[in-house]
Amino acid sequence: PGEAITLVCVTTGGEPLPTLTWVRSVGTLPEKIILKGGTLTIPAINSDDAGTYSCIANNNVGNPAKKSTNIIVRALKKGRFWITPDPYHKDDNIQIGREVKISCQVEAIPSEELMFSWFKNGRPLRSSERMVITQTDPDVSPGTTNLDIIDLKFTDFGTYTCVAALKGGGISDISIDVNISSSTGEGVSLFIASSASDRLCYSLDLVLHHV
């Protein structure tokens with residue numbers, strides 16, 4: 001993203017000489033494109049510019065000739081997260097001794113390159129009997145990872161971070177922070193956190209209810 005890309009269409013003959021036209025398989029050509037003869041340039045390309053572009057050569061003799069190319073713009077976007085309280089209890093409170101699921105979802109292009117990592121207080125987390133990490137969830141949209149904390153304990157307090165990245169890098173990660181702490185206050189506060197890195201960063205404070 002952000003770079004310029006140029007597609008070149010060249011004719012090798014034809015009488016009369018054919019005219020060259022560029023089209024896009026879905027929607028119209030981006031307004032920012034620069035057309036010069038058979039050359040199409042997309043400046044500062046982004047994910048909205050992805051798609052199949054075709055060059056059509058037509059001289060009104062016989063059928064037009066057509067060549068196509070597919071442009072894929074690698075990107076991560078629309079990071080979101082949600083908390084699921086213990087499904088075995090009817091209330092929505094997050095309490096010690098219960099289960100809590102933290103879900104992180106990201107749209108990735110291409111989706112098969114999406115990778116997730118989980119951290120607690122900056123240290124890598126691995127799936128265990130009490131902290132179960134799943135990379136795909138059949139009950140929700142693709143691009144979702146879950147962290148299930150079984151039998152929540154005071155020692156589980158801390159900041160949990162879900163990081164989404166594409167294989168091979170080159171794209172800024174999306175980082176989502178969830179802070180679990182104890183408080184006598186009620187409710188859940190949500191805010192956008194600042195970040196010293198180039199990551200897109202979201203943050204959530206999860207406040208436990210004392211019982």
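This is a predicted model: local features need pLDDT of at least 70, side-chain atom pairs count only at pLDDT 80 or more; totals for chains, interfaces and linings use all residues.
**Figure 1. Asn121 and its loop.** Asn121 sits in the loop that links β9 to β10 (123-124). Its phi is positive, at about 50 degrees, even though Asn121 is not a glycine.

Figure 2. Pro110 belongs to the loop between β8 (100-109) and β9 (114-120).

**Figure 3. Pro43 and Ala44 in the β4–β5 loop.** Pro43 is placed in the loop between β4 (39-42) and β5 (51-58), and Ala44 is in the loop between β4 and β5 too. Ala44 has a positive phi, near 45 degrees, and is a residue other than glycine. Both residues show some surface: Pro43 is partly exposed at 27% relative accessibility, and Ala44 is partly exposed with a relative accessible area of 43%. Once neighbours within four places in sequence are set aside, Pro43 touches Glu3, Ala4, Lys32 and Ile33. Check the C-alpha atoms of Pro43 and Ile5 as well: they are separated by 6.5 Å, with the two residues 38 apart along the chain.

**Figure 4. Thr145 on strand β12.** Strand β12 covers residues 144-149 and includes Thr145. With a relative accessible area of 0%, Thr145 counts as buried because that value is under the 20% cut-off. Its side chain makes a polar contact with the side chain of Trp118, at 3.0 Å. Skipping neighbours within four places in sequence, the contacts of Thr145 take in Ile102, Ser103, Cys104, Phe116, Trp118, Ile133, Thr134, Gln135 and Cys162.

**Figure 5. The largest pocket and its lining.** This pocket holds about 200 Å³ of space. Among the residues lining the largest pocket are Pro1, Glu3, Ala4 and Ile5, along with Ile45, and then Ile71, Ile72, Val73 and Arg74. Gly169, Gly170 and Ile171 are in the lining as well. Sorted by class, the lining has 8 nonpolar, 2 polar and 2 charged residues. Domain 1 (5-71) and domain 2 (75-196) each supply at least three of the lining residues.

**Figure 6. Stepping back to the chain.** For context, the secondary structure of the chain comes to 16 strands and 0 helices. Of its 211 residues, 36% count as buried. Take the contacts with a separation of 6 or more: 61% of them are between residues 24 or more positions apart.

Technical notes. Residues are numbered from 1 along each chain as its sequence is written. Side-chain values use heavy atoms; hydrogens and water are left out. Helices (H or I, at least four residues) and strands (E, at least two) are DSSP runs, numbered from the N terminus. Buried means under 20% relative accessible area, exposed over 50%, partly exposed in between (1.4 Å probe, protein chains only). A polar contact is a pair of N or O atoms within 3.5 Å; within protein, one must be able to donate a hydrogen and the other to accept it, and residues adjacent in sequence count only if both atoms are side-chain atoms. Contact means heavy atoms within 4.5 Å. On a 1 Å grid over the protein atoms alone, a cavity is a set of points where a 1.4 Å probe fits but cannot get out, and a pocket is an open set with protein on both sides within 12 Å along at least five of seven lines; lining residues have an atom within 4 Å of a point. Grid points are joined across faces, edges and corners, and a volume is the space filled by probe spheres set on the points. Ala, Val, Leu, Ile, Met, Phe, Trp, Tyr, Cys and Pro count as nonpolar, Asp, Glu, Lys and Arg as charged, and the others, Gly among them, as polar. Domain bounds come from an automatic or database domain assignment.
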